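Thanks for coming, everyone. I'll walk through one model this morning. Have a look at it first.

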Amino acid sequence: MEEDGPRWDALYALLVRLKERGVPIDGVGFQDHEYAVGDRTDPEVFRRKVRALAGLGLKARVSEADVLVDEDEEDIQARQLAGKLAVCGEEPNCTSFSTWGFTDKYGSTADLRHYPPSPGNALPWDATYEVKPAY
């Protein structure tokens, strides 16, 4: 829903209807899972969503963020996470920003069906707990 399009439009229209009817709603949580190039959202597009929520008197938060990349694309991962974190830091109605774990060893893209787990590459620390550029 971070992108422009029918999902966002439907959510926004729902929020407007809920507010008009006096339904108690305080905010919206974003789950920013970016597992493919097409999942990546420009931070300024995300900012427009956060500001639109502020216009309705709602808070925003990123409850789960991870950006899956190849090892040679960790700069992309860093830019995506830093960009969204910056938006949350700059917009007063954005209350929190959380990644979906902290180490690739146990992140949402790790293959936990085997032991030891096969790590993914979506979080700020690698599988050996070393920081990556996203940190």
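**Strands, crossovers and a disulfide**

Start with a pairing: Ala-65 has Thr-99 as its bridge partner in β3. Strand β3 covers residues 94-99, and it pairs with β2 in the parallel sense over four bridges. Pairing here requires at least two DSSP bridges between the strands. From β2 the chain crosses through helix α3, residues 74-90, to β3, and this β-α-β crossover is right-handed. Right-handed means that, with the strands pointing away from the viewer, the path from the first strand over the helix to the second runs clockwise.

A word on ground rules. This is a predicted model, where local features need pLDDT of at least 70, side-chain atom pairs count only at pLDDT 80 or more, and totals for chains, interfaces and linings use all residues. Residues are numbered from 1 along each chain as its sequence is written, and side-chain values use heavy atoms, leaving out hydrogens and water. Helices (H or I, at least four residues) and strands (E, at least two) are DSSP runs, numbered from the N terminus.

Strand β1, residues 27-34, runs parallel to β2, and eight bridges join them. Gly-27 is partnered with Lys-59 in β2. The chain goes from β1 through helix α2, residues 43-55, to β2, again as a right-handed β-α-β crossover.

Why is β2 largely enclosed by the rest of the structure? Because seven of its nine residues, 59-67, are buried. Buried means under 20% relative accessible area, exposed over 50%, partly exposed in between, with a 1.4 Å probe and protein chains only.

On to α2. Its 13 residues should span 18 Å at 1.5 Å a residue, and its end C-alpha atoms are 18 Å apart, so the two agree. The expected span is 1.5 Å times one less than the number of residues. Buried residues in α2 include Pro-43, Phe-46, Val-50 and Leu-53. Their cover includes α1 (6-20), β1, β2, α3 and β3, with contact meaning heavy atoms within 4.5 Å. At the helix start, a side-chain oxygen of Asp-42 comes to within 2.6 Å of the backbone nitrogen of Glu-44. Just after the helix, Gly-57 has a positive phi of about 80 degrees.

Last, the cysteines. How many disulfides are there? One, by the rule used here: a pair of cysteine sulfur atoms within 2.5 Å. Cys-88 and Cys-94 form it, with their sulfurs 2.2 Å apart. Cys-88 is buried at 8% relative accessible area. Cys-94 is buried too, at 9%.

Methods:
A polar contact is a pair of N or O atoms within 3.5 Å; within protein, one must be able to donate a hydrogen and the other to accept it, and residues adjacent in sequence count only if both atoms are side-chain atoms.
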